[in-house]
Amino acid sequence: MPSRPPLPPFSLETAIQKVRLAEDGWNSRDAQKVALAYSVDSRWRNRAEFATGRDQVIALLTRKWTRELDYRLIKELWAFGGNRIAVRFAYESRDDSGNWSRSYGNENWEFAEDGLMRVRHACINDLPITESDRKFHWPLGRRPDDHPGLSELCL
């Protein structure tokens, strides 16, 4: 199986790179593609849902992006050491009735030697917002390099 650089142990530079690569993947909203960043036996806790292995990760992400429309995500490095990275994130999405929300959270990641994520723990809180309260306005897909991050947006 191919490796997924950058590989642990992480430096500040490679941890930031790993976080941005994860953000870019999730903003693609392609569950099959995103799942390739996780080990075949990866373990997740996402809200109250637990997933083990890529097939369950794909199913979880497919359900997620079926209900969370116009999804845009920003991740930011919080801390790192060895083969672990902690991030904070926020994303905005709407439901099929047009109701917007901003979801805030933290993730703890653990990586295998090949750079695949083998453990992901996520804690997430949702805040209903109006469309005029939105802060993430780039076209769907990768966040542009010049778009502010969480700290710049005071989130």
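**Close-up 1. Helix 1 in the predicted model, spanning residues 12-28.** Helix 1 contains 17 residues and reaches 25 Å from its first C-alpha to its last, a span close to the 24 Å expected at 1.5 Å a residue. Its buried residues include the nonpolar side chains of Ala15, Val19, Ala22 and Trp26, and the charged residues Lys18, Arg20, Glu23 and Asp24 are also counted as buried. Thr14, Gly25 and Asn27 complete the buried set of helix 1. Just after the helix, Arg29 adopts a positive phi of about 55°.

**Close-up 2. The largest pocket, with about 220 Å³ of space.** The lining of the largest pocket comprises 15 residues, and those that lie nearest its centre are Arg4, Lys18, Leu21, Ala22 and Ala37. Helix 1 gives the most to this lining, with six residues, while helix 2, covering residues 31-35, is likewise among the elements that each supply at least two. By residue class, the lining of the largest pocket divides into nine nonpolar, two polar and four charged residues.

**Close-up 3. The second largest pocket, with about 150 Å³ of space.** The lining of the second largest pocket is formed by Ile16, Val19, Arg20, Glu23, Ile74, Lys75, Glu76, Leu77, Arg143, Gly149 and Leu150. The elements that give two or more residues to this lining are helix 1 and strand 3, the latter running over residues 69-81. Five nonpolar, one polar and five charged residues make up the lining of the second largest pocket. Val19, Arg20 and Glu23, which belong to this lining, are also among the buried residues of helix 1.

Note on methods:
Residues are numbered from 1 along each chain as its sequence is written. This is a predicted model: local features need pLDDT of at least 70, side-chain atom pairs count only at pLDDT 80 or more; totals for chains, interfaces and linings use all residues. Side-chain values use heavy atoms; hydrogens and water are left out. On a 1 Å grid over the protein atoms alone, a cavity is a set of points where a 1.4 Å probe fits but cannot get out, and a pocket is an open set with protein on both sides within 12 Å along at least five of seven lines; lining residues have an atom within 4 Å of a point. Grid points are joined across faces, edges and corners, and a volume is the space filled by probe spheres set on the points. Helices (H or I, at least four residues) and strands (E, at least two) are DSSP runs, numbered from the N terminus. The expected span of a helix is 1.5 Å times one less than its number of residues. Buried means under 20% relative accessible area, exposed over 50%, partly exposed in between (1.4 Å probe, protein chains only).
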